[in-house]
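Below is a short report on selected helices of one model. The structure comes first, then the text.

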Amino acid sequence: MAKRRPMVVGNWKMNTDRASALRLALDVAAGVDSLRAEIDTGVCPPFVYLDAVGRALAAANSALALGAQDMYFEPNGAFTGEISAEMLRDLSCTYVLTGHSERRHVLGESDEMVARKTEAVLDAGLHCILCVGETLEQRKANQTNEVNERRARAALKGVKPSSLSRLTIAYEPVWAIGTGVSATPADAQDAHERIRDLLVRVVGQDAAQSMRILYGGSVKPSNAAELFAQPDVDGGLIGGASLNAEDFLSIIRTAAAS
């Protein structure tokens, strides 16, 4: 099995103001710089703070990468309120999230739209973190693997083989986001293993074994070690805990040591 470099990215969602975003980013940056040889790290602030946070990280020569929480698939045009790949590249973004559960279930994004965004992110030379995962109702109906496979297949359809090295999958059980409830390590490993098996069938053994799959459902310092010890869990997409520098750094250190 390929040795995959761990990765932890914080999704700040619709939180922070300018001052707290800068403070949080610099506190995390100071804590991760000694780990730059061991792990990839990033934060995804709200759009309006990307420039300020990016400038601060660049001035600090930080290993902490900048990411965006979403992106539109068209390069430019009359799309009020949307953000393009070139705008994100202009701000030195490295990562872009696509298909986050809140985009799908709160804002109504379809698998088709997520697929178009994923393709556009990768075609722009950015690194895409594609989110998949099931709701509580789907889980109770034993549809976890079916949902993950459908969403991953839809998004992978337009991805070029040359772009696969810049694609990461994040499994986020919707029922465990912001609820304080987390999948057990065995639950997480089972879902990740099934996703990797699908990747083998769709993109081939080598690409599938190299691709990172992050866990994104209420990771905390108290459960990070057990989750990251699973063979197919390559790090985390962290929500609430990424808003506290001490907690986020604890999770990052745990992933780096896993």
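## Helices and their contacts

Asp-187 lies in helix α8, residues 185-203. Helices here are DSSP runs of H or I with at least four residues, strands are E runs of at least two, and both are numbered from the N terminus. The model is predicted: local features need pLDDT of at least 70, side-chain atom pairs count only at pLDDT 80 or more, and totals for chains, interfaces and linings use all residues. Residues are numbered from 1 along each chain as its sequence is written, and side-chain values use heavy atoms, with hydrogens and water left out.

Asp-187 counts as partly exposed because its relative accessibility is 28%; buried means under 20% relative accessible area, exposed over 50%, and partly exposed in between (1.4 Å probe, protein chains only). Asp-187 and Asp-111 are 76 residues apart in sequence and 24 Å apart in space, C-alpha to C-alpha.

The buried residues of α5 include Val-114, Lys-117 and Leu-122. They belong to a buried set that packs against the elements below, where contact means heavy atoms within 4.5 Å.

| Element packed against α5 | Residues |
|---|---|
| β4 | 95-98 |
| α4 | 101-105 |
| β5 | 127-132 |
| α7 | 144-156 |
| β6 | 167-171 |

After α5 comes Gly-125, with a positive phi near 85°.

α1 passes α2 in a right-handed crossing, meaning that the near helix is turned clockwise from the far one by less than a right angle (left-handed if anticlockwise). Residues making the contact include Arg-18 and Leu-22 of α1 and Val-53 and Leu-57 of α2.
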